[in-house]
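The following exercises ask for careful reading of a protein model. Each task is followed by a solution in steps.

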Amino acid sequence: MSEILTADKHQHLRAIEALYCGHHGWLYATLKRKLGNAMDAADLAQDTFTRILASQVTVIDQPRAYLSCVAKGILVNWYQRKALERAYLEALASVPIQEVPSPEAHFVVLETLHEIDAMLDALPSLVKRTFLLSQINGLKYQDIAEQLGVSLITVKRYMKQAFVQCLMLVE
Amino acid sequence: MLSLRKEPPLAPEVLEEAAEWLMRLSENDLSDHERAEWERWKISSPERDRAWARAQLLQSKLGGLPPSLAMSALDRPSHPERRAALGKLALLLAVMPVGWGSWKLAQTQQWTADYRTRVGERRELTLADGSRITLNTDSAIDVRYDRQQRLVHLREGEILVQTAQDPSRPFLVSTRQGRMQALGTRFTVRELSGRTHLAVLEGAVKVMLAENTQTAPLIVNAGQRTDFSAQTFGTLTATDRNVGAWTRGMLMADKMRLADFVAELTRYRRGFVRYDPAIADLRISGAFPISDPQRTLNMLVQTYPVLVSGHLNGYWVTLSPA
């Protein structure tokens with residue numbers, strides 16, 4: 001059993017090595033063209049290979065199609081992060097100065113926000129809003145039901161859906 | 001984010017049970033009887049124990065956030081195209097672990113032709129037909145050229161368009177609010193807070209609203225500007241002579257409120273600029289090198305009764321009365 005695992009592992013690393021040698025330059029150039037920025041492109045290319053390294057892949061038929069797909073996922077994530085950061089910075093402008101986290105804390109808060117954002121992203125917007133009203137704003141289910149114009153049963157169903165989603169993804 | 005969970009996935013029933021306990025805990029204080037039930041549940045199986053460890057992790061993450069900031073950042077309006085992309089991605093990730101080798105990427109899933117500038121960056125592109133597009137700071141476009149049309153979709157930010165002649169294919173710029181057809185040559189388009197701002201420098205542009213086909217298209221001529229939502233047009237006014245100054249890296253301020261000036265400035269620099277409300281209405285005039293925000297701030301301090309203080313390598317800047 002362990003022998004097989006080792007063989008697989010070996011094959012996995014060889015496949016990635018070949019992928020890296022053959023196509024890293026292409027991926028980097030493609031990302032650079034899309035983003036118009038060498039630094040972000042280098043980071044995203046690196047993230048792409050890191051993610052592939054963490055996978056179990058051993059045979060890659062269509063290297064560029066495969067790379068494109070993984071990189072695309074990372075890119076979507078990157079855009080989402082940018083949108084979140086922007087919303088966060090806009091929000092900072094409107095809260096009283098004493099509620100603004102210290103500059104050091106910004107990064108921790110942003111990182112946590114990003115994780116939660118990613119967990120909630122696949123949920124329908126009403127489910128997401130229900131969850132945020134309860135868990136961030138601390139509203140009672142009955143108040144949420146009134147605010148959103150849905151029944152209490154619906155709020156509970158949404159909450160359960162959102163909690164299950166988060167529990168599945170939290171790490 | 002990139003780490004793969006080593007432990008096996010938890011059964012949906014266990015996650016549902018944990019979710020139900022989280023709901024009961026966040027809604028009510030438990031009675032002694034319920035509390036005992038909860039304790040029994042937690043230790044009744046290793047899966048439940050693991051599920052509850054995750055629940056605690058989740059609670060600690062949620063509990064550590066400043067509510068008003070978190071709410072604004074997380075409850076932002078979502079981007080429909082991006083959501084669609086994410087939906088597809090989730091599907092792919094769900095399929096991914098087993099058969100990568102035999103998995104074929106659909107031929108239709110190509111990279112979108114997507115150009116983008118970072119905050120503070122400006123970039124000029126020449127398209128296949130010779131049309132030129134300048135992207136202002138923090139902007140993104142998609143380019144779709146085919147036999148019938150030349151289409152540029154502004155995803156965010158601001159562009160200056162200078163079209164090349166091609167009688168056989170119209171040149172179109174689309175935003176979430178509508179579609180603009182170039183009837184001449186040079187114009188700027190900016191998307192800001194759910195509205196598109198159009199200023200025409202040469203020629204004319206025909207505008208069609210995205211969600212209101214009852215309203216006749218509006219022709220905007222050289223020297224005119226307007227803004228529009230997906231449903232209605234704003235008023236048509238004369239452009240000021242500084243339209244497009246950004247393509248030369250300049251911000252031309254003419255008795256601009258400091259609040260508006262700061263809003264412009266923050267488009268070009270990463271980080272955050274806060275100002276004392278006492279100076280929000282201070283009127284600023286002059287030509288500022290907007291692509292060099294630090295110099296712009298220095299010039300502001302030299303000319304106006306304003307103090308600049310910053311920390312965290314300038315990520316964080318405060319303007320106060322001198």
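**Exercise 1.** State which residue of E5(B) stands opposite B:Thr134, and describe the strands around this pair.

*Solution.* Step 1. B:Thr134 stands opposite B:Leu160 in E5(B). Strands (E, at least two residues) and helices (H or I, at least four residues) are DSSP runs, numbered from the N terminus.

Step 2. Strand E3 (residues 132-135) of chain B is joined to strand E5 (residues 150-162) of chain B by four bridges, and the two run antiparallel. Two strands pair if DSSP finds at least two bridges between them.

Step 3. E3(B) is also joined by four bridges to strand E2 (residues 123-126) of chain B, again in an antiparallel arrangement. Here B:Thr126 has B:Arg132 as its bridge partner.

Step 4. E2(B) and E3(B) form a hairpin with five residues between them, and B:Gly130 in the turn has a positive phi of about 95 degrees.

The model is predicted: local features need pLDDT of at least 70, side-chain atom pairs count only at pLDDT 80 or more, and totals for chains, interfaces and linings use all residues. Residues are numbered from 1 along each chain as its sequence is written, while chains are lettered from A and ligands numbered from 1 in the order in which they are written.

**Exercise 2.** Determine whether B:Glu264 is buried, exposed or partly exposed, and describe its helix.

*Solution.* Step 1. B:Glu264 lies in helix H6 of chain B.

Step 2. A residue is buried if 20 or more other C-beta atoms, placed from the backbone, lie within 10 Å of its own, exposed if 12 or fewer, and partly exposed in between. Because B:Glu264 has 17 other C-beta atoms within 10 Å, this residue is partly exposed.

Step 3. Not counting residues up to four places away in sequence, B:Glu264 touches B:Leu251 and B:Ile290; contact requires C-beta atoms, placed from the backbone, within 7 Å. B:Glu264 and B:Ile290 are 26 residues apart in sequence, and their C-alpha atoms are 8.6 Å apart.

Step 4. The buried residues of H6(B) (residues 258-268) include B:Phe261, B:Val262 and B:Leu265. Among the elements covering the buried residues of H6(B) are strand E14 (250-257) and helix H7 (293-303) of chain B.

**Exercise 3.** Describe how H2(A) packs against H3(A) and how H6(A) packs against H7(A).

*Solution.* Step 1. Two packed helices are described by the angle between their axes and the distance between the axes. Axes are lines fitted to C-alpha atoms, for helices over the stretch in contact, and angles run from 0 to 180 degrees between N-to-C directions.

Step 2. Helix H2 (residues 38-54) and helix H3 (residues 63-94) of chain A pack at about 120 degrees, with axes 9 Å apart. These two helices are therefore oblique to each other. Angles under 35 degrees count as roughly parallel, over 145 as roughly antiparallel, 65 to 115 as roughly perpendicular and the rest as oblique.

Step 3. The contact involves residues including A:Leu44 and A:Arg51 of H2(A), and A:Leu67 and A:Trp78 of H3(A).

Step 4. The axes of helix H6 (residues 141-148) and helix H7 (residues 152-169) of chain A come within 9 Å and cross at roughly 110 degrees. H6(A) is therefore roughly perpendicular to H7(A).

Step 5. A:Tyr141, A:Gln142, A:Ile144 and A:Ala145 in H6(A) meet A:Leu152, A:Val155 and A:Lys156 in H7(A).

Key: Contact = placed C-beta atoms within 7 Å.
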